Structure formats: C-alpha cells, structure tokens
Amino acid sequence: MMIDCLRKISILKFLKNKGLSLLRQPYLPKLRANIDSECSVITNNCFGGRIPQDLGYPYNSPTAGLFICYPDYIFFLKNLKQAINQKITFRGGENLSTLKLTTI
C-alpha cells in the first residue's frame, strides 16, 4: 500500500516536472541564441539549474541546487565577486541547502 502511494507521488512529480519543461520549450531557441554553454545562471532557487538542464548545458552556476533567502541573496548579488569565493555555511545544519553568507 505504502509503495503504491510512493509510486503515485513519484509519477505525479515526474509529470509535473515534464509539464513545466514542456512549457519552457518554446523559449529554448531564444535562450540558446543568447546564452552560451560556458555561461553561469545565478538565481536564488533551483530554477537556475533548470535553464542549463533544458539547454543541455553543464551546471556552471555557483548557486546550482541552492535556495538563498532574502536578504542573503541581495547581499550575494551586490558582492558577487567576493561572495563566490567565500566558504558556504548552511542554516540549520548541512542537511538543509539554504545558504547563509557572512558579512564581507
């Protein structure tokens, strides 16, 4: 019973991700024309990983797989050159992927 439930949840997640990917398809040619494979996409959430994934590019982003809360994300953008060289610390332990930046 539990395995059937987990299987259904997994299928629903797959369909949701596939559906969202299909919605992004019309924009991919324009993105591909303006973003080369060496580009880094910087966002405060996992969407930054979706763009290279949809384009078939490698993950070059320093923020791939992270969720950065406000005001840390604004601080990160304002101090990008220094921030990308900082040691990453996580709020709530290493099991959470929420980035916390210290003041430079």
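## Helix α3

In this predicted model, helix α3 (residues 47-55) has Gly 48, Gly 49, Ile 51, Pro 52, Asp 54 and Leu 55 as its buried residues. Buried denotes under 20% relative accessible area, exposed over 50%, and partly exposed the range in between (1.4 Å probe, protein chains only). Helices are DSSP runs (H or I, at least four residues), numbered from the N terminus. Just after α3, Gly 56 adopts a positive phi of about 75 degrees.

Local features need pLDDT of at least 70 and side-chain atom pairs pLDDT 80 or more, whereas totals for chains, interfaces and linings use all residues. Residues are numbered from 1 along each chain as its sequence is written, and side-chain values use heavy atoms, with hydrogens and water left out.

## Salt bridge

The structure contains one salt bridge, a term for a side-chain nitrogen of Lys or Arg within 4 Å of a carboxyl oxygen of Asp or Glu. The side chains of Asp 54 and Arg 24 form this contact at 2.4 Å, N to O. The pair connects distant parts of the chain, with Asp 54 in helix α3 and Arg 24 in helix α1 (residues 2-24), 30 residues apart. Asp 54 counts as buried because its relative accessibility is 16%; Arg 24 is also buried, at 17%.

## Surface patch

Tyr 70, Ile 74 and Leu 77 make up a nonpolar surface patch, with about 320 Å² of accessible area together. Patch residues have over 30% relative accessible area and no salt bridge; nonpolar side chains (Val, Leu, Ile, Met, Phe, Trp, Tyr) are joined within 5 Å, and like charges within 9 Å. Areas come from the Shrake-Rupley method with a 1.4 Å probe, and for residues only the protein chains shown count as cover. Leu 77 lies in helix α4 (residues 72-78) and is partly exposed, at 40% relative accessible area.

Key: Helix = DSSP H or I, 4+ residues; strand = E, 2+ residues; numbered from the N terminus.
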